[in-house]
Amino acid sequence: MRWLRKAILRSAGVIPLHDEATAFAAETAELREQARRNEARLNWIGGVTTFKAVLLEGLEVVFIVIALGSGRGMLVPASVGAIAACLLVAAVGLIVHRPLARVPENTLKFAVGIMLSAFGVFWTGEGLGVDWPVAELAIVGFAATFLAVSGAAVLLARRPKAEVLS
Amino acid sequence: MTALINVLRELAGLFVDDGALALAIIAIVVLAGMVAMLMPGIPLAAGAILLFGCLAALLSSVARADRR
């Protein structure tokens, strides 16, 4: 939900929009500077940066595989599914990364935040034994609810542009 | 020691952005779990707590950030 929270705040202008290209340039410059200061630690710095980049998503995959697989004795199929999904996402990413890069970053994060929140509520409920009406279709209802509430939150928190810049 | 603290702070920052929001979500899940355990005959009660609790936590977090 932190993705959704940030996307709402950015859409409303409470916090400035995130510029991925600038962030990448700044991070690259900082790493170059660190490497220049201490050549021997270059690999360590690169390793830590890469580790940070994949840690969160990697842990999420591990948690989902354990949550879905261990309860029903299906750890191996769940792991194979996770690896297949990883390869599929990498392949699709390679194909569509250019058109995807044209989608405004905050819109993308807004959509991902809504999906993650909807899936999160659904799966947490499943884990607690909630018998959702209309089963998996409930996710669509949750997504619509999160979208409506988030849209309302953006409208309520919206700032004039001048205020954001100051 | 400072470097270690910085690394730990960075790691924590990957998972927690707004501490109050994270705590609220944990409280909602715990509450929903307790309701599911104590009232197994009304499983949707826990579901409603989850959904509306998360929405309330989200709105409250946005409102807090807006006021700052």
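Q: What share of the 68 residues of chain B counts as buried, and what makes a residue buried?
A: In this predicted model, 26% of the 68 residues of chain B count as buried. A residue is buried if 20 or more other C-beta atoms, placed from the backbone, lie within 10 Å of its own, exposed if 12 or fewer do, and partly exposed in between. Local features need pLDDT of at least 70 and side-chain atom pairs pLDDT 80 or more, while totals for chains, interfaces and linings use all residues. Residues are numbered from 1 along each chain as its sequence is written, with chains lettered from A and ligands numbered from 1 in the order in which they are written.

Q: Why is Ile66(A) called partly exposed?
A: Ile66(A), in helix H3 (residues 42–70) of chain A, has 13 other C-beta atoms within 10 Å. That count lies between 12 and 20, so Ile66(A) is partly exposed.

Q: What makes the pattern of chain B α-α-α?
A: Chain B has three helices and zero strands, and along the sequence they give α-α-α. Helices are DSSP runs of H or I with at least four residues, and strands are runs of E with at least two, numbered from the N terminus.

Q: How do you know whether H2(B) and H3(B) are roughly parallel or antiparallel?
A: The axes of helix H2 (residues 19–38) and helix H3 (residues 43–67) of chain B come within 9 Å and cross at roughly 165°. Angles over 145 degrees count as roughly antiparallel (under 35 as roughly parallel, 65 to 115 as roughly perpendicular, the rest as oblique). Therefore H2(B) is roughly antiparallel to H3(B).

Q: Which residues make the contact of H2(B) with H3(B), and how do they divide by class?
A: Among them are Ile28(B) and Leu31(B) of H2(B) and Gly53(B), Ser61(B) and Arg64(B) of H3(B). They divide into 16 nonpolar, two polar and one charged. Arg counts as charged, with Asp, Glu and Lys; Ala, Val, Leu, Ile, Met, Phe, Trp, Tyr, Cys and Pro count as nonpolar, and the others, Gly among them, as polar.

Q: What makes a nonpolar core, and which residues have the most contacts inside the largest one?
A: A nonpolar core is a set of buried Ala, Val, Leu, Ile, Met, Phe, Trp, Tyr and Cys residues joined through C-beta atoms within 7 Å. The largest has 32 residues, and Ile28(B), Ala32(B), Leu50(B) and Cys54(B) have the most contacts inside it. H3(B) gives the largest share of this core, nine residues.

Notes:
Axes fitted to C-alpha atoms, helices over the stretch in contact; angles between N-to-C directions. Contact = placed C-beta atoms within 7 Å.
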